[in-house]
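Please open the model in your viewer and keep the selection panel at hand.

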Amino acid sequence: MLRFSLRRTAQMAIVVFGVVTLVFFILRLASGDPANLMVPPGQQEDLVQLTRERLGTDRPILVQYGEYLAGLARGDLGVSFHGGQPVLDEVLKALPNTALLAAVTIVFSSAVALVLGIGAALRANGAFDRVVLVYVSVALATPSFWLAIVLVLFFSVRLGWLPAIDMEGPESFVLPVITLAVALTPVLIRMIRLSFLETLSDDHVRAARARGIPERRVILVHGLKVAALPLITLVGLQLGLILAGSYVVEYVFNWPGIGKLTLDAVVSRNFPMVQGGVLVAALAFVVVNFVVDLAYAAVDPRIRLAAR
Amino acid sequence: MRHRRRLTILVFVLAVVAAACTPGDSEGDTTTTTRAADTTVAPDTTTTTVATAEATTGPSGSVRFLIAENFWADWDPYQHTAQSQMRIEAQIFDYLVDVPDTGAPPVPMLATEWTQIDDRTWEFVLREGVIFHDGSAFDAADVKASIELASGATDVATLQAGSWISTTVEIIDDLTVRLTSEEPFASLFAQLRSTIIVSADDLANNAEAIKAQPNGTGPFRLVANEPARKVMEANTDYWQGAPQIQSLTWEFIGDPDTRLSALLAGQADVIDRVPPQHLQVIEGSDNLVLDSVTGIESVNLFVLPGRLPIWDENRAFREAVMRSIDREVLVTGLIQGASAVATSFLPTETLYHQVGDPAYSRDVDAAQALLAEAGVPDGGPEFELWVASGFLPRAEEVGAAILANMEEVGLKPKLVVTDLSAMIDDIFSEDGTGAVYHLSWSSNGDPFSHAFVYSETFAWFFGDERLQELIDLSATTTNPTERERVVQELQSYMWEQLWHVPLYNSDFTVARNSRLVGLDVRPNFQTVFYPASISE
């Protein structure tokens with residue numbers, strides 16, 4: 001397990017290094033000069049150059065890259081082009097907000113998916129199963145952006161029950177979590193339903209029933225344990241994706257997380273802030289996947305053995 | 001299994017508890033207060049005095065303002081042209097004078113009196129007892145440091161210097177200064193209204209610090225400088241009396257639907273740049289109010305010299321393009337609000353505005369005849385028309401409408417829809433492929449400040465010496481009658497030459513909760529919160 005962990009840690013470092021390097025160069029080579037944005041369009045070159053010097057983007061790109069890496073080694077992500085705020089401070093302020101939204105969403109989505117997925121599997125081809133499958137189809141076809149606006153118009157503007165934007169308290173989680181959950185649950189439900197259907201026909205489940213173990217215990221202990229394996233992987237991947245930036249939801253709900261921070265920075269070509277946001281997103285993604293692998297290995301002995 | 005079930009429950013409980021413990025933005029007290037009316041006396045243009053007013057009650061309540069433009073820059077004085085931040089600076093800083101309306105005489109702010117010494121020199125008496133937010137006293141040294149830096153009279157180049165004539169400041173005593181421009185400067189007062197007064201000590205010793213923490217003498221001081229959110233608090237020591245609003249938050253939210261939802265749900269008090277499709281919703285609300293003005297902003301098709309040679313060489317082709325576009329439909333059908341068809345290269349609210357003749361209304365036959373006169377009856381070469389989505393209201397629709405108009409007369413535009421950054425990169429790039437750009441230019445209402453964008457300082461200049469001469473004269477002609485004549489000649493000349501295509505003057509619509517009263521919405525896009533208060 002130690003060797004497995006070390007190997008994965010090295011892989012994670014390479015992935016994160018690759019991502020930050022890619023983002024660094026893409027921003028500078030493909031996405032435009034922030035100095036141009038900060039002066040009136042059409043302004044003569046000398047004033048643009050003056051702004052470049054202030055931002056430090058006038059130096060050769062490899063020099064900028066070297067300074068960026070040196071800063072990273074010191075834990076310094078630089079300062080924002082637009083206000084001089086330390087990027088690390090801003091990213092660390094936003095990260096817990098995204099993490100909290102992701103955690104609540106995952107817990108809520110998993111609970112919903114488990115109930116609906118298991119229920120559908122237990123009554124396969126029955127009325128409940130059909131209703132669940134309809135929900136899955138509709139949810140899959142529903143764009144998050146549209147759903148978020150509809151939810152806000154109905155629950156916030158018309159009924160006045162819930163906040164339309166911001167992260168202000170428990171009630172402000174309701175609409176963003178529902179929006180994310182509607183996108184997340186269809187895949188989870190389908191996976192659980194399928195996995196559970198297969199598990200229920202396995203020999204060990206039939207043996208458990210033959211031994212006279214109550215059906216509830218057969219389902220919750222023998223069935224769920226096996227069906228949970230793909231769920232862990234899927235939830236881990238989805239958690240990574242949400243942490244890496246639920247951009248649409250954070251944008252529509254003005255959620256002060258990594259997604260909104262990065263998106264705003266991209267629009268205004270605030271390079272240091274984009275780099276900081278992407279670095280944190282990449283780290284979150286690989287760390288979550290690492291934890292999922294560990295959890296998977298802990299649950300399934302075959303993976304542990306393979307790691308050796 | 002049991003352990004895992006417990007773990008799941010624990011994670012859920014922790015998540016909910018953490019969510020419950022998350023600190024929210026508490027709503028501030030919205031107690032009604034009243035403020036004594038200012039007794040500012042509007043002076044004539046040579047000498048003036050002013051009496052300050054004292055507020056009768058202290059500040060209270062909070063106001064949240066959601067704006068459509070991101071914060072592009074830091075707070076380094078005079079080194080940015082970000083409209084969003086200039087608007088905030090008007091809350092944090094003061095100017096020597098205020099010019100509440102275009103063409104109106106200046107009124108005192110940090111200067112209480114002024115006297116013209118000669119055609120290049122003005123003497124200003126400064127207000128006594130004004131202090132910066134850090135507690136330091138304001139005096140003549142601050143004016144000298146600020147004006148000389150802003151106007152380009154020092155070794156430090158600034159972005160703002162372009163709209164100034166270099167001006168030096170002589171300190172007569174602690175509260176008297178004499179400003180001397182290199183040439184007679186007709187836009188002096190307009191520029192003074194656009195030039196914040198910064199502490200000389202800050203410029204000398206805290207140059208880095210004030211990029212993140214501005215230190216002004218204005219009615220509000222910045223207390224939180226987040227990337228997309230700026231929070232200000234009332235400056236209770238303000239020389240005109242404390243503001244009536246205790247906490248003022250400006251926040252960038254790019255999505256107009258999100259801004260509207262927040263306003264309708266009561267989570268915002270004011271939103272700006274209300275798009276036309278939202279006007280009806282707001283008008284139908286009992287507790288919301290619209291403030292619409294025609295902005296001092298020209299939305300043009302700017303053409304870059306050298307990218308479309310026939311444009312540079314052939315006036316008939318330029319007029320054909322102008323006459324191909326139905327600008328009336330753009331205004332009434334798409335932009336709406338208080339927008340107006342451009343009748344000059346200077347917006348309606350600019351000093352000495354003059355309606356151009358002819359009107360250049362859409363005329364397909366005339367446009368086709370002009371193309372024939374230009375030697376390109378087939379419509380001439382292909383060219384790229386660039387519009388930036390998410391910048392000017394309904395830019396994509398405007399671009400599509402113009403494209404259809406042009407194609408109908410035989411022109412061969414290719415519409416390129418992109419974001420603002422990519423468009424600006426294309427303008428600056430030697431390898432850029434665009435020729436015509438849908439962009440805007442706003443100013444403080446002074447004719448020179450507005451015409452400046454067509455001058456040799458900018459890439460839009462076609463080497464027209466007469467145009468440059470008239471723009472220079474609009475800055476240096478100080479006699480009002482003579483200046484009016486110069487500015488009108490400038491407008492006639494530009495209207496005749498048609499180096500660019502003036503489309504419309506922007507709508508600037510702000511929607512607010514009716515409990516917020518006294519908000520000053522100006523055509524130069526300033527939204528001044530100092531007179532405002534919150535009613536019950």
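An α-helix has 3.6 residues a turn, so residues three or four places apart point the same way.

Before continuing, note that this is a predicted model, in which local features need pLDDT of at least 70 and side-chain atom pairs count only at pLDDT 80 or more, while totals for chains, interfaces and linings use all residues. Residues are numbered from 1 along each chain as its sequence is written, chains are lettered from A and ligands numbered from 1 in the order in which they are written, and side-chain values use heavy atoms, with hydrogens and water left out.

**Stop 1: salt bridges within chain B**

Display the side chains of B:Arg485 and B:Glu489, which form a salt bridge with the closest N and O atoms 3.1 Å apart. A salt bridge here is a side-chain nitrogen of Lys or Arg within 4 Å of a carboxyl oxygen of Asp or Glu. Both residues are partly exposed: B:Arg485 at 41% relative accessibility and B:Glu489 at 28%. In these terms, buried means under 20% relative accessible area, exposed over 50%, and partly exposed in between (1.4 Å probe, protein chains only).

Next, select B:Lys144 and B:Glu148 in helix 3 of chain B, again four residues apart, about one turn of the helix. Their side chains meet in a salt bridge of 2.9 Å, N to O. B:Lys144 is partly exposed at 29% relative accessible area, whereas B:Glu148 counts as buried at 12%.

Now move to B:Asp378 and B:Lys412, whose salt bridge has an N to O distance of 3.3 Å. This pair links distant parts of the chain, 34 residues apart: B:Asp378 lies in the loop between helix 12 (364–373) and strand 14 (382–388), and B:Lys412 lies in strand 15 (residues 412–418) of chain B. Both are partly exposed, B:Asp378 with a relative accessible area of 48% and B:Lys412 with 28%. Over all chains, the structure holds 33 salt bridges.

**Stop 2: chain B as a whole**

Colour chain B by secondary structure to see its 17 helices and 21 strands. Helices (H or I, at least four residues) and strands (E, at least two) are DSSP runs, numbered from the N terminus. Of the 536 residues in chain B, 58% are buried.

**Stop 3: aromatic rings**

Which residues form one aromatic cluster? Select B:Phe302, B:Phe345, B:Tyr360, B:Trp386, B:Tyr437, B:Tyr454, B:Trp460 and B:Trp495 to display it. Rings of Phe, Tyr and Trp (its six-membered ring) pair if their centres lie within 6.5 Å; planes under 30 degrees apart count as stacked, over 60 as edge-to-face and the rest as tilted. The structure holds 33 aromatic pairs over all chains.

One of these pairs is B:Phe65 and B:Phe529, with ring centres 5.4 Å apart and planes at 50°, so the pair is tilted. B:Phe65 is in strand 1 and B:Phe529 in the loop between strand 20 (527–528) and strand 21 (533–534) of chain B, 464 residues apart. Both of these residues are buried.

**Stop 4: where chain B meets chain A**

Show both chains together. In contact (heavy atoms within 4.5 Å) are 60 residues of chain B and 58 residues of chain A. Across this interface there are two salt bridges. Select A:Asp166 and B:Arg64 to view a salt bridge in which the closest N and O atoms are 2.4 Å apart. On the side of chain B that touches chain A, several elements each supply at least two residues, including helix 1 (2–21), strand 1 (60–67) and helix 14 (420–428).

**Stop 5: a helix in chain A**

Finally, select residues 258–267 of chain A, which form helix 12. Is this helix mostly covered or mostly open? It is mostly covered, with seven of its ten residues buried; among them are A:Ile258, A:Leu261 and A:Ala265. Just after this helix, A:Arg269 takes a positive phi of about 55°.
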